[in-house]
Amino acid sequence: VRKNTLMVLSHLILNEMVRVKGQISEIALCIEDNNEQIADLAKLFFNELNNKGNCLYSIYNILPDIVSNLSAGGVSSDTFRSIMKHLFGFIEKERETETLIERLCQKRMRVCSEPQQLADIAYCLSLLNYNERGVKKITENFNCYQAALVHDSVYNHFVTIIQKAKKACKAENKVAVEELESKIVAQHTGEELEAMDDSSDQPRPKTPAKRVRSSSRAKTPKRTPRKSPRKSPARKSPARKSKRSTRV
């Protein structure tokens, strides 16, 4: 019965004859089914869905819902990671990678508070390939996951992201990767918060108060001393020659 149900449901979805939401997550869960025939049918379904290309239920469009439903559905960590590793293997285009980074960060990690679910989403992000554009997108959404970096399980997956980015990015773009790495490490260890607290505790230097002159005190103009007229030097009267009495 389960096998026939899966075959009919796969036929309806692939031919876009029915709109599905939660059923996609149930089909994804069949990838790790104990029955090998059901597991093979589920893998075949997603292979055919990926080959259809741009359609309503393309892989990168339905992945965020599958991640959310399986993570919150009580699936074991090993089963969840095995399914996600198979499905994220279909993501190869840069546009699809950027879309998934944005959706997983903004619509999943931002609103999630459970540590296990946060670790599951971080694991899914670590499965993507990160080139320059991917690093830019994950950096732009830093505020969405910075609070979750206090958990070791989440932090370890972001360390994996940094390692993949360092290998994929060119030398001139590794500065952006190193800046992102320093932000992630600082948020995990709390160094950034401690630095902010230390700076706020330090007393600010007191600036000397400026002396304000009272306006009521009128300024008295300085008197300039009058210059006394120059005395012309006295002329010396020529000395009179004493007439000597000459005796004749």
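Predicted model: local features only at pLDDT ≥ 70, side-chain atom pairs only at ≥ 80, totals over all residues.
Local features need pLDDT of at least 70 and side-chain atom pairs count only at pLDDT 80 or more, while totals for chains, interfaces and linings use all residues. Residues are numbered from 1 along each chain as its sequence is written, and side-chain values use heavy atoms, with hydrogens and water left out.

Let's start with the rings. Rings of Phe, Tyr and Trp (for Trp, its six-membered ring) pair up if their centres lie within 6.5 Å; planes under 30 degrees apart count as stacked, over 60 as edge-to-face, and the rest as tilted. On that basis the structure holds 3 aromatic pairs. In one of them, the planes of F45 and F46 sit at 75 degrees with the ring centres 5.0 Å apart, so this pair is edge-to-face. How accessible are these two? Buried means under 20% relative accessible area, exposed means over 50%, and partly exposed is in between (1.4 Å probe, protein chains only). F45 comes out at 1% relative accessibility and so counts as buried, and F46, at 0%, is buried too.

Y145 and F158 make a stacked pair, with 4.4 Å from centre to centre and 25 degrees between the planes. Helices here are DSSP runs of H or I with at least four residues, numbered from the N terminus. Y145 belongs to helix α9 (residues 142-145) and F158 to helix α10 (residues 152-168), so their pairing ties together parts that are 13 residues apart in sequence. Both Y145 and F158 are buried.

K183 lies over the face of F142, 4.4 Å from the ring centre, and R81 lies over the face of Y123 at 4.9 Å.

What about the cysteines? A disulfide is a covalent bond between the sulfur atoms of two cysteines. With the cut-off set at sulfur atoms within 2.5 Å, the count is 0 disulfides. C30 has 16% relative accessibility, so it is buried, and C124 is buried at 0%.

Finally, helix α5 (residues 77-87) has F80, I83, M84 and L87 as its buried residues. Going by the directions from the helix axis to the C-beta atoms, these residues cover an arc of only 95 degrees, which puts them on the same side of α5. An α-helix has 3.6 residues a turn, so residues three or four places apart point the same way. The face of α5 turned away from the buried side carries the exposed residues D78 and K85.

Definitions and conventions. Helix = DSSP H or I, 4+ residues; strand = E, 2+ residues; numbered from the N terminus. Lys NZ or Arg CZ within 6 Å of the ring centre and 35° of its normal.
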